[in-house]
Each structure stands twice: as C-alpha cells, then as structure tokens.
Amino acid sequence: MTTAIDRTPPAVHLRIGGSRRADGTGGTFDHVNPATGAVDSMVPLAGPDDVEQAVRAADEAFGTWRRTRPAERRARLLKLADLIEAHSEEFARRGTLDNGTPLTLGSHFAALSAEWTRYYAGWADKAESHVTSTFGEDGEFSYTLAQPYGVIGVIITWNGPLISLAMKIPAALAAGNTVVVKPSELTPYSAELFADLVEEAGFPPGVVNVLPGTAAAGEALVSHPLVQKVTFTGGPDTARRILRNCAETMKPVVLELGGKSANILLEDADLDTACTLGTLMSVGTLTGQGCAFPTRMLVQRQIYETVLEKVAQIAATITSGDPFDPTTVSGPLINEAALSRVLGVIEKAKSDGARLITGGSRIEGALADGYFLEPTVFADVDPHTDLAQREVFGPVLAITPFDTDDEAIEIANCTPYGLSAYLHTQQLRRAHHIAEELATGEVLVNGAANLAVRRPFGGWGISGVGKEGGRQGFEEFLRTKSVGIAGNGVTA
C-alpha cells in the first residue's frame, strides 16, 4: 500500500541573524501551484528594511566567521551536507510544491546538492597564499594573501531552487564569507528547509540570511554598500540591471545565465544514447526549464531522418502529469505567463518555416487547470531564426541538419550564448578538435554528466561571467592582497 504524500505547503519565514520572521516589510505574495493553477499559500516578502537588517547581520557575523578555524568551517559544511542528504525526501516534496518538479527528480537534486556541499567543505582549508619574492639585492620580501570578500549577495532563480543554493553558498562559506540570499518568491519552500538545516548544522547566527522577495529586494541587496560581491543565477535581462547597478562601485559579480546549447550528432554517434539524452533533456527534464539543456540538436545529414524518427518516438513516451505521481516525467511550466510565452514561440517557429513533428499544444483534459505543454519538437529549423537563436525555457527542441564538421561548429557558435555544448562521436581526435573550436563554457561528450562539482561551470557571451564548481568556484569568493616589506629597518 502506497503512503499518501503530504501536499501541504510549509510556512515561509525571513531569516535575519538568529531571528525567524513570519512577516516582511515587502508585503506578501500569493504562491500558485503550477500543477493546479490555484493559490496554495501566502509568502512573506522582504523589503528594503529587511535587506538592511540582514546585510548588517551578515557583516557583523563576518568578523567572527572569517577568523573561524578552517577545520571548523569544514565541519559545519560537512554536517550541512549530511542533513541535506538525510532530508532528501522532504527536499523532493518541497521542490514539487515550489515549481512542479516531478517528485522522482527532486531526490536527485538533493543528492547533487549534498555532493556540492561536501566538495566545498574540502576547500575550506585550502585558500593559498604565495611568496612572490624573498630578500634579495633590493632587500624586499613579498607575499600574497587570499582573503574573503565579506558579505556576498546571493540571488537565485526559480527553476532549481535547491541546487542553485548549493552551487553558491557552500563555496562562499568555505572561503570565509557570509551571505544574504534572496530566493525567488515563486519557489520559497526549498530555501526555508535549507535555512532550517543551516541552523541545525551549527552555523553562527548571521552567517546565512535568507530573504524571499521580489526584484525590489534583489535591487536593494545588490546596491547595498556592505555587499562586497554578487552572485546571480537567472536571465540576461536581469543580469544587465545587476551589472549597471554594480558598475557604480565596481562591485564584482558572478552571473550564471541562460543558454541555447547545441547538441551535435555526428554520423558515427551512438544514436540510442544521443537521441535519448537530447530529447529527454530538452523537452522532458524540468519541462525544458533549464539553462544548460541541449535545446538545439544539430544532426549530420546521413543520419538526419533516422534521428527525427527516434526523437519523435522518445518524445511520445514522455509522461506529463501530476508531479507527485511517480510515473510523471514532465511537470508544468512555472506559471501562466510562461505557458503563453512558449506557445507564442511555437507559433513564431511555424511562421518561420520550421516543421513541427510532435507536440505544440497546451495539454487539456484533467491537466487543463495547470500550466502543462506537450513536449514539442521542430525539424528543419533555420539556425538564424528566433527558435534557434533565443532561449525558450520550455519543452521545445529545434533540430537542424548539417553536412561537415566545420558547418556544425559554425552553426553551434552562431548564437550570442555560450553556456554548454554536447557532442556525440566515437572518434576521440574528432571530439577533441570540435570541443576546442566550440565557443562555450563547457563541452559534454557522449553523455558526460551535467553539473559535476569538480568541473568549473559557467558561460561565455550572454551566458554569464565567472564560474561555479571546481577550484575556480572556490576562488570566486577570495580576493588577492599583495604585501611587500622593505628589508631596511624591519626586525623579526
């Protein structure tokens, strides 16, 4: 007998210092369940006064946290990782309530988030400084200091509310910074549990502050003079506003933005792997609402018709429905506005001459009240039309044929984005050559996993600035100070 899953949304709070507040000065937000279209809770929103208090709490906590022994910072982060893992089922439930992520996918995000947290716990005692010159003829001794910034402003988007936290906060804390986090008002439930576990893991008050809020709260956070660096996940339009704001004080940023990632299938590709990954990750997983998904499939002409047939068959097997149902693969889009926008993209693609081979409509019937869209695949997509040039952030795949490797590289590089790319071939030398020529932050060959924490992740062009993951993700939260000591007149 299957146990019924609790669908009750949790209460949401602002976390400032050691306080837990049920009300915010920014008013409230009616959270809508995207699977039903109904309001399920009222979320308190942070206003400028709350941001001011949270930043000052983080700044005060920084004085102690930066001097906390690295081994202690590591221990707190390892405890947090254990707690995330122990609460994986609850994180999966909350992810489903947040944005309609299918329950079966949510537990994967919890495991991945625990892995990111453990990885950065290991960096807590590895901030390196270097001797750059010893006493020589000029009598000067020089060295560097790798130091934390201070208060980091963290703004995350709604499509991956837990993994976005894990990709930013552990690295910042391991380096000795404190954070003020603004999760999206659309997805506040996962951040609420994350804040509970931060407290349970023993982090001092003020080290992590969580403020659900709208763009107004984000603007107040970015512009606060005590915030020393901003890390943001979202879209290029919001990122441009952040950059304009940060430009006033030359405040550094990490921006993890959108993508229009090419998935290149060469004639010798393993088509079962390539077509399954390319279809599920573009029109199935998260209903296509992911920045690094392979939303452009570029197929060598010799295998083009075979691939179209396989992709259509795979897309037809993707089950859309109640995200709490364990058989559901694809849930709803985030809201009605997103659904209307993606339907507009589909109509524009038709008028631009793309050939619709499956999907293209809102799902009616039992799912009509939610924001469900059929997995949609277009063939014969001109690489210079809107469908091939603009991020859709919905379950729409564009397929384009090519003849030569050079043509595939040219098509892959012809958008302003450069986040990820995918490549399928059995020839290693060919893979190395194409990977080197692709203008993108990462290239994943033959099904290599996304978001491996040991690998730096971050885009080129309008896909972003800076890196998350790997050593570079840790070093984003350290700044270098140089010290030079003249030999004359200095005693030990």
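The axes of helix H13 (residues 405-412) and helix H14 (residues 428-437) come within 10 Å and cross at roughly 30°, the axes being lines fitted to C-alpha atoms, for helices over the stretch in contact, with angles that run from 0 to 180 degrees between N-to-C directions. H13 is therefore roughly parallel to H14, given that angles under 35 degrees count as roughly parallel, over 145 as roughly antiparallel, 65 to 115 as roughly perpendicular and the rest as oblique. The model is a predicted one, in which local features need pLDDT of at least 70 and side-chain atom pairs count only at pLDDT 80 or more, while totals for chains, interfaces and linings use all residues. Residues are numbered from 1 along each chain as its sequence is written, and side-chain values use heavy atoms, with hydrogens and water left out. Helices (H or I, at least four residues) and strands (E, at least two) are DSSP runs numbered from the N terminus.

H13 passes H14 in a right-handed crossing (a crossing is right-handed if the near helix is turned clockwise from the far one by less than a right angle, and left-handed if anticlockwise). On the H13 side the contact (heavy atoms within 4.5 Å) is made by Asp-405, Asp-406 and Ile-409, and on the H14 side by Arg-430, His-433, Ile-434 and Glu-437. By class, the residues of this contact comprise two nonpolar, one polar and four charged, where Ala, Val, Leu, Ile, Met, Phe, Trp, Tyr, Cys and Pro count as nonpolar, Asp, Glu, Lys and Arg as charged, and the others, Gly among them, as polar.

Thr-415 lies in the loop between H13 and strand E17 (417-418) and counts as buried because its relative accessibility is 9% (buried means under 20% relative accessible area, exposed over 50% and partly exposed in between, with a 1.4 Å probe and protein chains only). A polar atom of the Thr-415 side chain lies 3.2 Å from the backbone nitrogen of Tyr-417. Although Thr-415 and Gln-389 are 26 residues apart along the chain, their C-alpha atoms are separated by 5.5 Å; with neighbours within four places in sequence left aside, Thr-415 is in contact with Lys-260, Arg-296, Ala-388 and Gln-389.

Pro-48, Val-51 and Val-55 of H1 and Ala-217, Ala-220 and Leu-221 of H7 make the contact, and its residues divide into six nonpolar, no polar and no charged.

His-224 is found in the loop between H7 and strand E10 (227-233), and with 6% relative accessibility it counts as buried. Its side chain is joined to that of Glu-52 by a polar contact of 2.8 Å (a pair of N or O atoms within 3.5 Å, of which, within protein, one must be able to donate a hydrogen and the other to accept it, residues adjacent in sequence counting only if both atoms are side-chain atoms). The His-224 side chain also reaches the backbone nitrogen of Leu-226 at 3.0 Å.

Ser-190, in helix H6 (residues 189-200), counts as buried at 2% relative accessibility. The side chains of Ser-190 and Asp-98 are joined by a polar contact of 2.7 Å, and, neighbours within four places in sequence aside, the residues in contact with Ser-190 include Phe-91, Arg-94 and Pro-161.
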